[in-house]
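Biologist: I am new to this structure. Please walk me through it, feature by feature.

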Amino acid sequence: MTGTVMHIGEVAARTELSLRSLRHWEEVGLITPSDRTEGGFRLYTDDDVEKILVVRRMKPLGFSIEEMKDVMADIEALRDPGADDARRDDARRRLAAVQDDAADRRQKLVRQLEMADEFIGLVAREARRP
């Protein structure tokens, strides 16, 4: 491994995730540390952290674990220097569809925030009634 190598605690701090979340994501196959020490401690690289942040950003949009795994596989395919053109084209097509889906999910969240703001305003008005 080259570059920065971090233990799970540093990765948790850098990504603002709990150790439990990182371990769970590894258990379900979303992320994999690049290496382990002889004592079994997880070792992560900057590239691993970047992948973790992709998952972290997908989670609030409500993507399932399987959907997140598929996205991670497509990202890996695009980063793989040995991937053939057909594999890369398929990955690009799938990621474009995910991008559209993410935009739709984001818009839904915006609508929910607007409704929450309206509700907060309504409650504030009612609370000020004599």
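Modeller: Start with a definition: two strands pair if DSSP finds at least two bridges between them. Helices (H or I, at least four residues) and strands (E, at least two) are DSSP runs, numbered from the N terminus. This is a predicted model, where local features need pLDDT of at least 70, side-chain atom pairs count only at pLDDT 80 or more, and totals for chains, interfaces and linings use all residues. Residues are numbered from 1 along each chain as its sequence is written, and side-chain values use heavy atoms, with hydrogens and water left out.

Biologist: In what order do the three strands of the open sheet stand?

Modeller: The general idea comes first. Strands of a sheet pair through backbone hydrogen bonds, either parallel or antiparallel. Here the order is β1-β3-β2, with antiparallel pairing. β1 (5-6) and β2 (35-36) are the edge strands, each with a single partner, so one side of each has no neighbour in the sheet.

Biologist: How many residues lie between β2 and β3 in their hairpin?

Modeller: Five residues lie between them. Gly40, in the turn, has a positive phi of about 95°. Look also at Glu16, in the loop between α1 and α2. Phi of Glu16 is near 60°, a positive value in a residue other than glycine.

Biologist: Are the residues on the two faces of β3 buried or exposed?

Modeller: In a regular strand the side chains alternate between the two faces of the sheet. Buried means under 20% relative accessible area, exposed over 50%, and partly exposed in between (1.4 Å probe, protein chains only). In β3, Arg42 and Tyr44 on one side are buried, and so are Leu43 and Thr45 on the other. Compare Glu16, which counts as exposed at 63% relative accessibility. Asp100, in helix α5, is exposed too, with a relative accessible area of 52%.

Biologist: How do I read the packing of two helices? At what angle do α3 and α4 cross?

Modeller: Two packed helices are described by the angle between their axes and the distance between the axes. Axes are lines fitted to C-alpha atoms, for helices over the stretch in contact, and angles run from 0 to 180 degrees between N-to-C directions. Helix α3 (residues 46-58) and helix α4 (residues 65-79) cross at roughly 145°, and their axes come within 10 Å. The contact (heavy atoms within 4.5 Å) includes Val54 and Met58 of α3 and Met68 and Ile75 of α4. α3 also lies across β1 and β3, at about 85° to β3.

Biologist: Which residues touch the most other members of the largest nonpolar core?

Modeller: In soluble globular proteins, nonpolar side chains tend to be buried together. A nonpolar core is a set of buried Ala, Val, Leu, Ile, Met, Phe, Trp, Tyr and Cys residues joined through side-chain atoms within 4.5 Å. The largest has 22 residues, and Val11, Leu22, Trp25, Ile31, Ile52 and Val55 touch the most other members. α1 (8-15), α2 (19-27), α3, α4 and α5 (85-127) each supply at least two residues. α3 gives the most, with five.

Biologist: Which residues does Ile52 touch?

Modeller: Leaving out residues up to four places away in sequence, Ile52 touches Val11, Thr15, Leu17, Leu22, Trp25, Ile31 and Tyr44. Thr15 belongs to helix α1 and counts as buried, at 0% relative accessibility. With that exclusion, Thr15 touches Val49, Ile52, Leu53 and Arg56. Thr15 and Arg56 are 41 residues apart along the chain, yet their C-alpha atoms are separated by 8.2 Å.
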